[in-house]
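Here is a short briefing on one protein. Look at the sequence and the 3D structure first, then read the points below.

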Amino acid sequence: MRPTRHGLKTDKRRRIVDRLNALLASTLDLSLQAKQAHWNTRGPSFIALHELYDKVHEAAEEAADVLAERAAALGGVVEGTLQSVTKGTRLPKYPLALAGEVPHIEQIADALAALSDDTRKAIDDFDKLDDAASADVATEIVRSLDQHLWFVEAHLGKR
């Protein structure tokens, strides 16, 4: 932890930064998974899905930046390397052999749902650590994840 005049005690800040970095790893993974789907989806809804996956990617990139900047503001070291993402992500692994539209849709939906669930848990963690600002950041991210999950799941129809 870096020295700062921030009012939260060092131990709390360290725990908050660890949680922010965990979310960051999964968020960066989601960004990459969305691009994987973007590049590899084929089928009748190609262009709609291609554009939707780009929007998921962009939202994940924005969320990652907010999480990283919050960790830095608390005096933490941001862990945004590929090695950190690989070690820290909590998302399901993206199978490289997926083919067709539905398997990619399901994979991205699963990733969005997993990250949304973990981010909701982080809100509770931040509240317990008396950090309303980090809880607010996580709440805004959940709103975006839930909206993108809705858009992605809409492509599954009446399943």
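Lys and Arg count as positive here and Asp and Glu as negative, while His and the chain ends are not counted. Each charge is placed at one atom: NZ of Lys, CZ of Arg, CG of Asp or CD of Glu. On that basis the protein has 21 positive and 25 negative side chains. The centres of the two sets lie 5 Å apart.

This is a predicted model, where local features need pLDDT of at least 70, side-chain atom pairs count only at pLDDT 80 or more, and totals for chains, interfaces and linings use all residues. Residues are numbered from 1 along each chain as its sequence is written, and side-chain values use heavy atoms, with hydrogens and water left out.

**Helices**
- The protein has five helices and zero strands. Both are DSSP runs, numbered from the N terminus: helices are H or I with at least four residues, strands are E with at least two.
- From the N terminus, the order reads α-α-α-α-α.
- Helix α4 covers residues 101-128, which is 28 residues. It should span 40 Å at 1.5 Å a residue, and its end C-alpha atoms are 41 Å apart, so the two agree. The expected span is 1.5 Å times one less than the number of residues.
- Just after α4, D130 has a positive phi of about 60°.

**Overall size and surface**
- The C-alpha trace spans about 55 × 30 × 20 Å along its principal axes.

**Burial and contacts**
- Of the 159 residues, 45% count as buried. Buried means under 20% relative accessible area, exposed over 50%, and partly exposed in between (1.4 Å probe, protein chains only).
- Among contacts with a separation of 6 or more, 77% join residues 24 or more positions apart. A contact means heavy atoms within 4.5 Å.

- K35 lies in helix α1. K35 counts as buried because its relative accessibility is 15%. Leaving aside neighbours within four places in sequence, K35 is in contact with D54 and H57.
- R5 sits in the segment before α1 (10-40). R5 counts as exposed because its relative accessibility is 85%.
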